[in-house]
Amino acid sequence: MSPPLIEARKMTKVLPGEVPVTLVADIDLAIAPREFIAITGPSGSGKSSLLYLLGLLDLPSRGDVLIDGRSTTAMSEEDRAEVRLSRLGFVFQFHFLLPEFSIAENVALPMRALGRLSPRAISQRAEELLTSLGLADHLRKTPDKLSGGQRQRVAVARALANDPPVILADEPTGSLDTAATAQVFGILRDLVLIRGKTVVAVTHDLNLAAQMQRRVHIIDGRLAQDELTHRALGASIPPGDSAGSAGQAPSR
Amino acid sequence: MKLVLSIAWTHVRHRARQTLVAIAGVMTGVAFSVMMAAMMEGSQDDFIRTLVDALPHISITDELRRPSRQPADRVFAAAEFHGLIPNVRRPGIKNPMATIASLQSWVPGALTASVQSKAVLRYAGRNLTVSIIGIDPHTEREVSTLASHMRQGNLNSLYRSSHAILLGDRLAAKIGARVNSNLTLASAQGVSMNATVAGTFHSGFRATDETTGYVLLRTAQILERQTGIINEIRIRTNDPMQARLISERIGEQTGYKAISWQEAQEDLLSAITLRNILMYTIVGAILLVASFGTYNIISTITHEKTRDIAILKSLGFRDRTIRAIFIVEALLIGLTGAALGWVFGYLLTRGLASLEFKTPFSDYNHLPVLYSLKHYLLAGAVALVSSLVAGYFPARAAARLHPVDIIRGAT
């Protein structure tokens with residue numbers, strides 16, 4: 001079995017205050033390469049908090065998060081930022097694209113921040129990623145000129161920009177209609193199937209969760225269930241057009 | 001850095017109106033600072049130059065720096081005497097020619113002897129008290145600018161008649177005298193003599209032009225009823241700024257009161273210093289107010305951009321990169337404002353210098369201004385530093401944002 005890409009050990013997050021609030025408690029979780037994991041649970045159960053902790057956006061109050069076997073709690077904020085930039089990709093419910101920049105520039109941002117590619121190569125890769133997600137005609141448009149589904153595809157392209165092994169998605173289809181949901185879900189699934197990425201997605205949509213390989217269920221911040229769905233990826237494609245999705249995404 | 005610059009530029013570009021207002025604030029601050037500095041320092045320089053030109057750099061008079069000690073004081077060191085009348089001193093500098101020769105041996109500059117006197121000038125039924133200065137025309141031209149201020153006649157015209165006088169043009173006009181007019185001078189020593197107007201001068205100082213007349217040394221000595229008297233030695237030093245040091249040394253050497261132009265105009269120079277302090281305070285205040293505009297725009301941008309900051313941090317942007325973005329935005333505003341302020345300030349200064357006005361105190365009808373690179377660099381540097389400070393605090397706050405707090409609250 002492959003060593004885990006991300007591993008949570010007795011991870012607990014407590015918000016201090018007069019009445020401390022426990023967001024997640026004693027979570028032990030190992031995420032291996034090429035997994036397609038759904039984090040489910042009722043509203044306020046701590047799904048997103050768990051994702052933010054796994055994605056190093058937040059620090060656990062106790063316990064540890066290991067990325068590629070390295071403890072991250074002792075890391076400096078600079079090192080944690082470096083890990084986020086190069087090893088993790090984020091997709092949020094609300095696309096969070098920078099409104100003044102074109103979508104190609106939005107996708108280029110993480111690559112420019114990492115600084116490993118030349119400006120020409122960055123531009124080329126951004127265009128290839130967007131083209132592979134069916135956005136070739138919109139490269140110079142700003143996000144406000146796109147539909148919700150298109151924006152979310154741009155967010156996926158941006159998450160893939162630095163070719164991270166793990167994509168963390170927080171309700172990626174939460175604000176989309178049925179067709180766009182199917183499209184974005186198809187893209188995420190193809191990332192695992194074709195690109196060999198690990199995708200961890202928070203969702204309250206049990207139908208979608210059922211189509212993922214593994215389901216981690218959270219209740220009151222605790223791991224209530226961690227099960228394999230035994231679903232063969234690609235066996236059931238949700239309605240909508242997922243053609244031209246991550247299947248053509250360029251490799252680096 | 002290119003990434004930081006491109007994000008910063010995009011932010012300020014998309015807030016054109018606010019950015020322009022902030023830039024206008026900095027520009028106005030810099031422009032008015034440059035203009036004020038040019039005006040204040042220009043008038044100060046002009047004033048000092050005029051002062052230095054018009055006055056002897058050092059004036060040695062026949063007064064003693066310290067009154068001579070009474071014989072009783074010398075004998076009884078611990079005793080104090082009141083009501084003693086000081087010794088009567090013969091007016092004038094003792095052995096003036098020997099003193100001048102001695103000073104000439106080491107003082108860097110030119111010296112001339114003169115006699116200061118007061119007299120009542122009578123002409124056409126009018127009596128006016130005037131200052132009479134006895135001069136040696138040959139050495140006078142090396143020490144003062146009188147020769148260049150002559151309107152009619154010249155310094156040698158004093159040799160044309162036995163008692164010739166050069167009058168200030170305003171004095172001549174006041175009494176209606178012209179060249180070759182004969183007038184009467186009556187001194188406090190009871191000497192009365194006829195004198196012929198040999199020329200007129202115009203120094204530009206109203207007080208001088210209205211109340212002063214120049215005569216030959218011997219004429220003034222006659223008025224003082226003392227042959228050979230010299231009660232003032234005037235010196236023009238090669239470097240006017242050294243006048244104070246030289247005057248101190250002369251005082252020690254001769255025992256007479258030697259007053260440098262700086263000492264003579266101490267009150268005015270103190271006023272200039274005070275004026276400079278006021279000026280730089282006002283200039284600083286203007287630039288400080290301008291920096292509030294920069295602070296405002298950067299604060300507004302960071303406030304509006306909290307979501308973007310959160311997302312950039314979630315993508316892996318470092319705190320220092322986020323901080324740099326907003327500091328660069330402040331610098332963009334500061335730099336643009338400073339550059340435009342330089343141009344605007346230069347044009348304002350030019351405009352100010354071209355304005356014509358009349359003052360009753362002098363003939364200058366244009367405001368003197370000083371174009372100095374120092375003013376531009378200083379105003380620019382203050383504008384940049386204040387923009388930097390104004391941008392730093394919002395930038396630091398932006399970099400400290402916790403992305404999760406923003407992402408959770410985002411809709």
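A residue counts as buried here if 20 or more other C-beta atoms lie within 10 Å of its own. The legends below use that term for a predicted model.

**View 1. Helix α2 of chain A and its cover.** Helix α2(A) spans residues 77–87. Its buried residues are Arg80(A), Ala81(A), Arg84(A), Leu85(A) and Arg87(A). What covers them? From chain A, the cover includes β4 (62–67), β6 (88–91), α3 (103–114) and β7 (166–170). Chain B takes part too: α12 (306–315) of chain B is included in the cover.

**View 2. The side of chain B that touches chain A.** Here 18 residues of chain B are in contact with 20 residues of chain A. Four elements of chain B give two or more residues to this side: α1 (2–13), α12, α13 (319–354) and α15 (403–409). Which of them gives the most? That is α12(B), with five residues. By class, this side of chain B has eight nonpolar, six polar and four charged residues.

**View 3. An open sheet in chain A.** Six strands of chain A line up in the order β6-β7-β8-β3-β9-β10. The sheet is open, and its pairing is mixed. Strands β6(A) and β10(A) (222–228) stand at the edges. Each has a single partner strand, so one side of each is left without a neighbour in the sheet. On average, neighbouring strands of this sheet are turned by 15° against each other, direction ignored.

View 4. How do β6(A) and β7(A) run, parallel or antiparallel? They run parallel, joined by four bridges. Val91(A) has Ala169(A), in β7(A), as its bridge partner. Helix α5(A), residues 148–160, lies across both β6(A) and β7(A). The helix runs at about 170° to β6(A).

**View 5. Helices α11 and α14 of chain B.** Two packed helices are described by the angle between their axes and the distance between the axes. Helix α11(B) covers residues 266–304, and helix α14(B) covers residues 373–399. Their axes come within 8 Å and cross at roughly 30°. Angles under 35 degrees count as roughly parallel. The two helices, α11(B) and α14(B), are therefore roughly parallel to each other. The crossing of α11(B) past α14(B) is right-handed.

**View 6. Where α11 and α14 of chain B meet.** On α11(B), the residues that meet α14(B) include Gly284(B), Leu287(B), Leu288(B), Tyr295(B) and Thr302(B). On α14(B), those that meet α11(B) include Val382(B), Ser386(B), Gly391(B), Pro394(B) and Ala398(B). By class, the contact has 13 nonpolar and eight polar residues. No charged residues take part in this contact.

**View 7. Two residues with positive phi.** Leu56(A) has a positive phi of about 60°, although it is not a glycine. Leu56(A) is found in the loop between α1 (47–54) and β4 of chain A. Is Leu56(A) buried or exposed? With 24 other C-beta atoms within 10 Å, Leu56(A) is buried. Arg225(B) also is a residue other than glycine with a positive phi, near 55°. Its place is in the loop between α8 (217–223) and β9 (232–237) of chain B. Arg225(B) counts as exposed, with 12 C-beta neighbours inside 10 Å.

**View 8. Chain B as a whole.** Chain B has 15 helices and ten strands. Of its 411 residues, 41% count as buried. Among contacts in chain B with a separation of 6 or more, 81% come from residues 24 or more positions apart.

Methods: Residues numbered from 1 in each chain as written. Chains lettered and ligands numbered in written order. Predicted model: local features only at pLDDT ≥ 70, side-chain atom pairs only at ≥ 80, totals over all residues. Contact = placed C-beta atoms within 7 Å. Nonpolar A, V, L, I, M, F, W, Y, C, P; charged D, E, K, R; others polar. Pairing = 2+ DSSP bridges. Axes fitted to C-alpha atoms, helices over the stretch in contact; angles between N-to-C directions. Parallel < 35°, antiparallel > 145°, perpendicular 65-115°, else oblique. Left-handed = near helix turned anticlockwise from the far one by under 90°.
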